[in-house]
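Subject: Structure for your review

Dear colleague,

Please find below the structure that I am handing over to you. I would be grateful if you looked at it before reading my notes.

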Amino acid sequence: MGGKVKKPGKRGRKPAKIDLKAKLERSRQSARECRARKKLRYQYLEELVSSKERAICALREELEMYKQWCTAMDQGKIPSEIKALLTGDEQKPPQSSSTKSSKNSNQS
């Protein structure tokens with residue numbers, strides 16, 4: 001049977017130089033797109049972290065205010081803010097729209 005002996009692992013056609021250049025360019029383009037997506041993802045995450053940090057600061061300030069109120073009440077003093085809440089004498093801003101918006105602001 002005198003045929004040619006094929007070497008294993010050499011199946012298919014050999015890529016031409018043009019194919020290699022096109023493949024290399026596709027790889028470069030893919031890498032550029034990947035870097036752009038990564039940059040956008042990091043920007044989004046940095047903005048998310050920044051907004052969460054601002055929320056944490058606001059909550060810490062609110063907590064500190066409540067601690068001061070508790071300390072004052074422990075000393076037998078009632079803070080003016082709590083007096084206003086208890087008596088219903090809240091200082092209301094001028095109403096420019098409906099009363100519904102002022103009710104929502106009181107619930108926050």
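The notes below describe the fold, the confidence, the surface and a few individual residues.

Please bear in mind that this is a predicted model. The secondary structure of the protein chain consists of three helices and zero strands. Along the sequence, these elements give the pattern α-α-α.

The protein chain has a mean pLDDT of 80, and 67% of its residues reach 70 or more. Helix α1, which covers residues 17-74, has the highest confidence, with a mean of 95. Helix α3, residues 99-107, has the lowest, with a mean of 46. Over residues 96-108 the pLDDT stays under 50, and the model has two contacts beyond four places in sequence for this stretch. Where pLDDT is low, the predicted coordinates should not be read in detail.

The chain exposes about 11000 Å², of which carbon and sulfur atoms supply 56%. A nonpolar patch on the surface is formed by Tyr44, Leu45 and Leu48, which together have about 280 Å² of accessible area. Of these residues, Tyr44 can be found in helix α1.

Which charged side chains are paired in a salt bridge? Arginine 32 is paired with glutamate 25, and their closest N and O atoms are 3.1 Å apart. The count of salt bridges in the model comes to one.

Finally, a word on the cysteines. A disulfide is a covalent bond between the sulfur atoms of two cysteines. The structure holds zero disulfides. Cysteine 34 counts as partly exposed because its relative accessibility is 39%, which lies between the limits of 20% and 50%. Cysteine 57, at 43%, is likewise partly exposed.

With kind regards

Note on methods
Residues are numbered from 1 along each chain as its sequence is written. Side-chain values use heavy atoms; hydrogens and water are left out. A disulfide is a pair of cysteine sulfur atoms within 2.5 Å. Buried means under 20% relative accessible area, exposed over 50%, partly exposed in between (1.4 Å probe, protein chains only). pLDDT is the predictor's confidence in each residue, from 0 to 100. Helices (H or I, at least four residues) and strands (E, at least two) are DSSP runs, numbered from the N terminus. Contact means heavy atoms within 4.5 Å. Patches are made of residues with over 30% relative accessible area and no salt bridge: like charges are joined within 9 Å, nonpolar side chains (Val, Leu, Ile, Met, Phe, Trp, Tyr) within 5 Å. Accessible areas come from the Shrake-Rupley method with a 1.4 Å probe; for residues, only the protein chains shown count as cover. A salt bridge is a side-chain nitrogen of Lys or Arg within 4 Å of a carboxyl oxygen of Asp or Glu.
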